[in-house]
Amino acid sequence: MLNLIIFGPPGSGKGTQSAKIVEKYKVTHISTGDLLRDEMEKKTPLGEEVRGYIDKGMLVPDDIVIRELQETAERHMDTPGFIFDGFPRTIVQAEMLDKMMEERGIPINLVISVDVDEQELFKRLMGRAEDSGRSDDNEEIIWKRIEVYKSQTLPLLAYYRKQGKVASINGMEPVEEVFENISHAIDSLMAV
Ligand code: B4P
């Protein structure tokens with residue numbers, strides 16, 4: 001099984017690259033951002049609770065995100081692999097994911113870390129704001145999301161570096177070049 005995490009700040013291209021990885025490697029895409037936005041669209045009590053965090057650029061509490069993730073992953077255990085997009089975002093989430101995957105004998109193989117500088121992140125997300133309709137794509141909240149990433153999510157890189165699983169990719173290049181470099185990292189892993 002090929003189990004990947006795509007890791008990076010908001011606007012680094014995680015969603016964009018995940019779609020291409022799914023097409024090429026036939027893994028199952030799980031984006032916690034998408035799962036949470038689905039809940040918001042359904043306007044369920046859970047969706048309204050989630051909106052309170054996302055609209056402020058804050059992380060949704062671990063227990064909610066972990067439950068969503070586990071339920072979705074359980075439904076796809078017959079897959080040739082997973083790409084986790086936007087998950088984990090905290091150490092608690094990472095430890096839970098490691099436990100879930102190791103218990104099944106299907107550990108995470110590779111963490112693809114996509115690096116993009118802050119000004120470029122802001123530019124991309126403001127560009128997307130024009131047609132995304134996403135309530136968290138606006139100037140004030142974009143900066144807040146970048147701050148939250150730096151304080152709560154970035155420390156995870158050290159967690160995965162200790163496990164020797166991180167491939168750093170320059171996300172400043174055009175989409176196709178970023179994908180070529182990601183493919184190279186995955187192919188090298190599969191050749192071992
Ligand atoms: P996400 O849905 O994960 O949103 P995101 O970080 O903004 O990334 P996304 O994948 O959408 O954008 P991408 O970089 O592909 O999370 C949203 C919110 O949900 C979080 O703030 C949080 O509140 C909550 N949440 C989600 N998961 C959570 C968790 N695990 N725990 C707690 N809370 C959680 O693309 C951005 C733009 O860049 C696009 O317009 C794209 O076209 C462009 N782009 C991409 N690659 C490019 C390139 N190489 N060159 C130029 N432009 C590029």
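Predicted model: local features only at pLDDT ≥ 70, side-chain atom pairs only at ≥ 80, totals over all residues.
Buried residues, in turn, make up 49% of the 192 residues in the chain. The C-alpha trace spans about 45 × 35 × 30 Å along its principal axes. The radius of gyration is 16 Å, which agrees with the value near 16 Å that a compact globule of 192 residues would have. Among contacts with a separation of 6 or more, 74% join residues 24 or more positions apart. Charged side chains number 24 positive and 35 negative, and the centres of these two sets lie 1 Å apart.

The secondary structure consists of 9 helices and 5 strands. Read from the N terminus, the order of elements is β-α-β-α-α-α-β-α-β-α-α-α-β-α.

Helix α2 covers residues 32–42, and its buried residues are Thr32, Gly33, Leu35, Leu36, Glu39 and Met40. These residues lie on the same side of α2, because the arc that they cover around the axis is only 165°. The face turned away from this buried side carries the exposed residues Glu41 and Lys42. The partners against which the buried residues of α2 pack are strands β2 (28–31) and β3 (81–85), together with helices α3 (45–54) and α4 (62–74).

In helix α3, the buried residues are Leu46, Gly47, Val50 and Ile54. Their arc around the axis is only 95°, so they too fall on the same side of the helix, here α3. They pack against α2, α4 and α7 (139–153). With a relative accessible area of 24%, arginine 51 is partly exposed. A distance of 21 Å separates the C-alpha atom of arginine 51 from that of lysine 14, and the two residues are 37 apart along the chain.

The backbone geometry was examined next. Most residues other than glycine have a negative phi, and most peptide bonds are trans. Lysine 26 has a positive phi, near 60°, and is a residue other than glycine. Lysine 26 is placed in the loop between α1 (14–25) and β2. Its relative accessibility of 56% makes lysine 26 exposed, since the cut-off for that class is over 50%. Lysine 43 likewise is not a glycine, yet its phi is positive at about 55°. This residue comes just after α2, in the loop between α2 and α3. Lysine 43 counts as exposed because its relative accessibility is 61%.

The peptide bond from phenylalanine 87 to proline 88 is cis, and its omega is near 0°. Proline 88 is located in the loop between β3 and α5 (91–103). Proline 88 is also one of the contacts of phenylalanine 7.

Phenylalanine 7 is part of strand β1, which comprises residues 2–7. Its relative accessible area of 3% means that phenylalanine 7 is buried. Once neighbours within four places in sequence are set aside, phenylalanine 7 is in contact with Lys14, Pro88, Val111, Ile112, Ser113, Val114, Tyr149, Thr153, Leu154, Leu156 and Leu157. Phenylalanine 7 and leucine 189 are 182 residues apart along the chain, and 17 Å separates their C-alpha atoms.

Glutamate 173 lies in the loop between β5 (166–170) and α9 (175–191). Its relative accessible area is 28%, and glutamate 173 is therefore partly exposed. Beyond its neighbours within four places in sequence, the contacts of glutamate 173 are with Val178 and Asn181. From C-alpha to C-alpha, glutamate 173 and valine 116 are 9.1 Å apart, with a sequence separation of 57 residues.

Technical notes: Residues numbered from 1 in each chain as written. Heavy atoms only, no water. Helix = DSSP H or I, 4+ residues; strand = E, 2+ residues; numbered from the N terminus. Rg over C-alpha atoms; globule rule 2.2 N^0.38 Å. Buried < 20%, exposed > 50% of the residue type's maximum accessible area, 1.4 Å probe, protein only. Contact = heavy atoms within 4.5 Å. Lys, Arg positive; Asp, Glu negative; His and termini not counted. Charge placed at Lys NZ, Arg CZ, Asp CG, Glu CD. Arc of directions from axis to C-beta.
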